[in-house]
Number of protein chains: 2
Amino acid sequence: MTVLEKINNPQDVKNLSVAEMNELAQDIRDAILNRVNTIGGHLGPDLGIVEATIAMHYVFDSPKDKFVFDVSHQVYPHKMLTGRKHGFVNPEKFHEISGYSNPAESEHDHFVIGHTSTSVSLATGLAKARDLKNENYNVVALIGDGSLSGGEAYEGFNNAAELDSNIIIIINDNEMSIAPNYGGLYKNLAQLRETNGQAQNNVFKAVGFEYCYVEDGNNVEALIAAFKEVKDASKPAVVHIHTLKGKGYEPAVADKETYHWHLPGFLNSEKTCDAGETYTSITKDFLLNKKYQNEPVIAITAATPGVFDFNPEFREKMGANYTDVGIAEEHAIAYASGLAKNGAKPVLALMSSFVQRTYDQMSQDLALNNSPATVLIYWGGISNADMTHLCTFDIPLISNIPNIVYLAPANKEEYLAMLEWSYAQNEHPVFIRVPAGELVSTGKADTTDYSILNKYKLEHSGEKVAIIAAGSFFALGEQVRAEIKQQLGFDATLINPRYLTGVDKEMLESLKNNHRVVITLEDGEIDGGFGEKITRFYGNSDMKVLNFGSKKEFTDRVPLAELYNRYHLTKELIVKDIKEVL
Amino acid sequence: MTVLEKINNPQDVKNLSVAEMNELAQDIRDAILNRVNTIGGHLGPDLGIVEATIAMHYVFDSPKDKFVFDVSHQVYPHKMLTGRKHGFVNPEKFHEISGYSNPAESEHDHFVIGHTSTSVSLATGLAKARDLKNENYNVVALIGDGSLSGGEAYEGFNNAAELDSNIIIIINDNEMSIAPNYGGLYKNLAQLRETNGQAQNNVFKAVGFEYCYVEDGNNVEALIAAFKEVKDASKPAVVHIHTLKGKGYEPAVADKETYHWHLPGFLNSEKTCDAGETYTSITKDFLLNKKYQNEPVIAITAATPGVFDFNPEFREKMGANYTDVGIAEEHAIAYASGLAKNGAKPVLALMSSFVQRTYDQMSQDLALNNSPATVLIYWGGISNADMTHLCTFDIPLISNIPNIVYLAPANKEEYLAMLEWSYAQNEHPVFIRVPAGELVSTGKADTTDYSILNKYKLEHSGEKVAIIAAGSFFALGEQVRAEIKQQLGFDATLINPRYLTGVDKEMLESLKNNHRVVITLEDGEIDGGFGEKITRFYGNSDMKVLNFGSKKEFTDRVPLAELYNRYHLTKELIVKDIKEVL
């Protein structure tokens, strides 16, 4: 019987010897590797935090003492020790337990968490509520060094320091974000590591925290000693632990970025072969080309270069023409605005779910200043993602900000034409919703002049029903057109709107001549989105309008087919709805 | 002839003696006082930064060297030295020059700026573009100590520190935000002031900046010496200057909060008398009442307590049940979520324009976790505000986030009933759009059960036309109803929707029986807002729908009457539009 098999709750951890805890650490690592190799997930962060999690449960008393895991990329060991090990040792149950902190699973989790830099603020709220109610226990936030680059984390530290009571912040310093860290703060973390925590200049002490350092953050005894030291502290305290990301799996130690999160099958498979041309590959080619032409191009990411395949090779080639700003989307937007205003050519790449981490900067720093930056939004669309990583809200978020031009290409040629136009122009902040999924090519260069804003493309002129199908749902629009032909026998109109931020009044007006129904298709939330602008245009007319997209809701790992069914996003269901209004 | 009269551009400053610069400082102060006393504006920040601005223009060469003023509350002296003194000395021209940084006015301004904590990021972009283009000049950001509490500022510092070239950040430390500072960082600033900049623990040095300190930040010679020291530096540098907010006008020094920004007339008028009952006064009474009942209430602001009249007296009474988190709206939302999850009762007050500074936290930290916090949104609505301070975007921003209930009371009684309900319930994050303007009372307690979501109130049942008038535009709805009666002779229906986040399907369905037109009125942007949800509901029907609200645009100090005219927000124009579709 393994030690892990004997652990059903945190109480069981408290009865272990150090030797048993070290055995337990190995059991947990085996389970992590097994799960990630089977269904994919976060590998490096979880492997690195095993001992610290054991020590936390050994010293503190969860759930009375409350743990908050930042971004919760490192929550697997905690889950295994809090009654959820079946989700890691029993392949049939892997999908029952999510990869993120989730109160619906256990009283040991207090928040659904999946975005970065939030833990200290959340924990400060827990601690302040405790104080207001005159209760007595520890509140512990665990935050990685990477997450410290986000502004919300700083705001949290700044405020936690003012709590005149217990809050313990464990800084899991594994010298990495997803990619390498970037930012002045990391100079101080390095100094602290080099001096075994003794450096005179210490940002945490400077803002008022008690501070202690654990050089071997994978040594369970050292961790237990440090945690005991701060347990029940009556002042805000930081425990800075130095851990090894990927510990226990050599490839994950050697290549921390690749193994931060991994697809299944890495234990037994060869490297995957080149995927051929993709939206990411043509984007990289575009950027490198500009660089080779000595253009003042600058590619910017916010700590997730992997999403765009901005791999180390690409980064090296770009050199000074690349900035990874850290998990700092607010800065990224303002930085891009400054670059654009001073004549450089910023191209900022963000994942749809993370563009949410900046809004005021898009509005004030960028749009109000009409700074001609290009922002690429990746992965926008309905998916089976975790509820923390949905990519359905970017159209409502971005498209209602004045001055921004938000484009939705339907294929490679449109995308490249839009990118070239956006790069060259000096009038507008331009966002482009890079299509998710496989590259679609028409084989025919797009020569559209995108400076004529809000001009939709009439792909096929028909009658009765007009289908306005945006971006990655353009193909669905084609399917619906074919289905109408087949089921209803007439030739519907198909429009590729290309612009998400405005309506083509002339074209919409002309549809009134021989159409009774307009439908809109967008790969995202309907509320506040693109389709409603079309519906509003026709509000004073006899035109019937149906909007298709996702509902205003958080969905959690729901299979895509089920969502498409729920939202009527199949050609059959759409034509059924059309028939009802025709 | 005053010295200011001789200054037409920064070059003229360079020819002054120190004595003349001190005279100039006095001239500038006189002009600031005169302007603010005549048309209102920022007083304390501008009075405090006079000498530093003179020294900046003396040492650096604007516009070649580029200045970025954070939040630009302190930009008046800069404007006076860069060809815009007529906006400060000539009352007839006061309105020609805005109170904020504005490139449309002068080549010495590089961005429109009015929200806080953005300057370092913007300046980092300017500097990086300079480097990419192999140009050579200074980029200087001026940021107040208060602005340092915002996460974007931290992200900016963290990134600026990585620039291997010139960027100079002047920290204007006047020991105040708008209200007193809050946050651990201020402990370090205090240490630095106490040690004349020599404290070993120095957050700026810690993250990699060269650092120098100027104890008398109102001494033009000392400032010139310090600025000369860093001019043309090839590394990121911080100049920490200690200034006196309000200097030169004793009341502004004695009461820094009141005189941060002031209405006109303070030089010659008595204190205004008590305004009687207002939405702010009843909110404060509500909060104090909860506190006196020993409830775990906690009122939260993000550095703008004055907007809600959370004055020092109120703050003192609230004691530990009040937190001003600093200019940290992201933290404020996550903090509120943590408080609510742990059984406290957070009531967070934000101004509409500043709720924009958090979105992901509303979505992830609050809504996804269904934390039952109450958020009050003030000043939401169309106004003659500066383009940086528009309050028209909060409905699209907030109402398309799943799980959030956004309520729009039309009067005092509804507001109090909503507040009581929100406070007591444990199911939803609830936002309430506190009506702007004078308090409206029905005199009759509202006994609605707000837990029945999206149930609109039928205020008057009529025919043909239904008016759905939300929140502060409910009164406009009443006017339109009366105008229809008068002009068209029939009795229109009037609905108070109360909920901005959903549609009352049953009521909307029932309108189909005897109505042909529905109009929606909302005091904010139509795109992505409330009305479009109504329009979409009727998309498949014969109902005509007209949405009224503001256009998707940034407007700058446009008189309200002009905007109402532009947007057809008068009873006459609305009825005219209705007639066209009837």
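**Note on a predicted two-chain model**

1. Strand S4 (residues 167-173) of chain B and strand S6(B) are paired in the parallel sense over 7 bridges. Strands here, of at least two residues (E), and helices, of at least four (H or I), are DSSP runs numbered from the N terminus; two strands pair if DSSP finds at least two bridges between them. The bridge partner of Ile167(B) in S6(B) is Pro236(B).

2. The model is predicted: local features need pLDDT of at least 70 and side-chain atom pairs count only at pLDDT 80 or more, whereas totals for chains, interfaces and linings use all residues. Residues are numbered from 1 along each chain as its sequence is written, chains are lettered from A and ligands numbered from 1 in the order in which they are written, and side-chain values use heavy atoms, with hydrogens and water left out.

3. S6(B) also pairs with strand S5 (residues 210-214) of chain B, again in the parallel sense, over 5 bridges. In this pairing Glu210(B) stands opposite Ala237(B) of S6(B). Together, S5(B), helix H12 (residues 220-230) of chain B and S6(B) make a right-handed β-α-β unit; right-handed means that, with the strands pointing away from the viewer, the path from the first strand over the helix to the second runs clockwise.

4. Strand S6 (residues 236-242) of chain B has 7 of its 7 residues buried, so it is largely enclosed by the rest of the structure. Buried denotes under 20% relative accessible area, exposed over 50%, and partly exposed in between (1.4 Å probe, protein chains only). Both faces of S6(B) are covered: Pro236(B), Val238(B), His240(B) and His242(B) lie on one side, and Ala237(B), Val239(B) and Ile241(B) on the other.

5. In chain A, 5 strands form an open sheet in the order S2-S3-S4-S6-S5, with parallel pairing. Strand S2 (66-69) and strand S5 (210-214) of chain A stand at the edges with a single partner strand each, so one side of each is left without a neighbour in the sheet. Neighbouring strands of this sheet are turned by 20° against each other on average, direction ignored.

6. Within chain A, strand S3 (residues 139-144) and strand S4 (residues 167-173) run parallel and are joined by 5 bridges. Leu142(A) has Ile170(A) in S4(A) as its bridge partner. Helix H10 (residues 185-194) of chain A packs on the sheet, touching S4, S5 and strand S6 (236-242) of chain A, and its direction makes about 75° with that of S6(A). Helix H12 (residues 220-230) of chain A also packs on the sheet, touching S4, S5 and S6 of chain A, with its direction at about 170° to that of S6(A). Contact means heavy atoms within 4.5 Å; axes are lines fitted to C-alpha atoms, for helices over the stretch in contact, and angles run from 0 to 180 degrees between N-to-C directions.

7. Gly477(B) is placed in helix H21 (residues 474-488) of chain B and is buried, with a relative accessible area of 0%. Not counting residues up to four places away in sequence, Gly477(B) touches Ile467(B), Ala469(B), Leu494(B) and Leu521(B).

8. Chain A is superposed on chain B by a rotation of 180° with 0.0 Å of shift along its axis (RMSD 0.0 Å). The two copies are thus related as by a two-fold rotation axis. Superposition is by least squares on the C-alpha atoms of residues with pLDDT of at least 70 in both. The same surface serves both copies, since 99% of the contact residues of chain A recur in chain B.
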